[in-house]
Amino acid sequence: MRKIAITTEDNPYNPLIQFDEWKAFDEQQRYFTCEYLARVCYSSPNLSDADNEAELERAIDEICDLNITGNYKKIVQDIPD
């Protein structure tokens, strides 16, 4: 299964497999990436899972394109089901 996430260059944790550690580091650095992503992503329970995944990727791409801190990057990883 293809999974995507956003992180920062300095975060040593992988948000796809070490989310709690990743989030703790992110908040300690005062990035609050999850909250930023929530403001940019227009997901909805009315959308299909595929449409929500596409919207999540669009939002991550937007954040990485703007890259206001110069620190954001997108992670794409195949994870076994």
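Thr 7 touches Tyr 13, Pro 15, Trp 22, Asn 71, Tyr 72, Lys 73 and Ile 75, leaving out residues up to four places away in sequence. This is a predicted model. Its largest nonpolar core has 11 residues, and its largest pocket holds about 160 Å³ of space.

**Thr 7, a residue of strand β1**

- Thr 7 is found in strand β1.
- Its relative accessible area is 2%, so Thr 7 is buried, the cut-off being under 20%.
- The side chain of Thr 7 makes a polar contact with the side chain of Trp 22, at 2.8 Å.
- Trp 22 is also one of the residues that Thr 7 touches.

**Asn 52, a residue of helix α3**

- Asn 52 is found in helix α3.
- Asn 52 counts as buried because its relative accessibility is 19%, and the cut-off is under 20%.
- The side chain of Asn 52 reaches the backbone oxygen of Ser 44 at 2.9 Å.
- Not counting residues up to four places away in sequence, Asn 52 touches Ser 43, Ser 44 and Leu 47.

**The largest nonpolar core**

- In soluble globular proteins, nonpolar side chains tend to be buried together.
- Here, the largest nonpolar core is made of Ile 4, Ile 6, Tyr 36, Leu 37, Val 40, Cys 41, Ala 59, Ile 60, Ile 63, Cys 64 and Tyr 72.
- Three elements each supply at least two residues of this core: β1 (2-8), α2 (33-40) and α3 (49-66).
- Helix α3 gives the largest share of the core, 4 residues.
- Which residues are in contact with Ile 63, leaving aside its neighbours within four places in sequence? They are Ile 6, Tyr 36, Leu 37, Val 40 and Tyr 72.
- Tyr 72 is a member of this core, and Tyr 72 is also touched by Thr 7.

**The largest pocket**

- About 160 Å³ of space lies in the largest pocket.
- Its lining consists of Ile 4, Ala 5, Ile 6, Pro 15, Leu 16, Phe 19, Trp 22, Thr 33, Cys 34, Leu 37, Leu 56 and Ile 60.
- Two or more lining residues come from each of β1, α1 (19-28), α2 and α3.
- How many residues of each class line the largest pocket? The lining has 11 nonpolar residues, 1 polar residue and no charged residues.
- Ile 4, Ile 6, Leu 37 and Ile 60 belong to the largest nonpolar core and also line the largest pocket.
- Trp 22 is among the lining residues too, and the side chain of Trp 22 makes the polar contact with Thr 7.

Methods: Residues numbered from 1 in each chain as written. Predicted model: local features only at pLDDT ≥ 70, side-chain atom pairs only at ≥ 80, totals over all residues. Heavy atoms only, no water. Core = buried A, V, L, I, M, F, W, Y, C linked by side-chain atoms within 4.5 Å. Buried < 20%, exposed > 50% of the residue type's maximum accessible area, 1.4 Å probe, protein only. Contact = heavy atoms within 4.5 Å. Polar contact = N/O pair within 3.5 Å; in protein donor to acceptor, adjacent residues only side chain to side chain. 1 Å grid on protein atoms, 1.4 Å probe; cavity = no way out; pocket = protein on both sides within 12 Å on 5 of 7 lines; lining within 4 Å. Points joined across faces, edges and corners; volume = space filled by probe spheres on them. Nonpolar A, V, L, I, M, F, W, Y, C, P; charged D, E, K, R; others polar.
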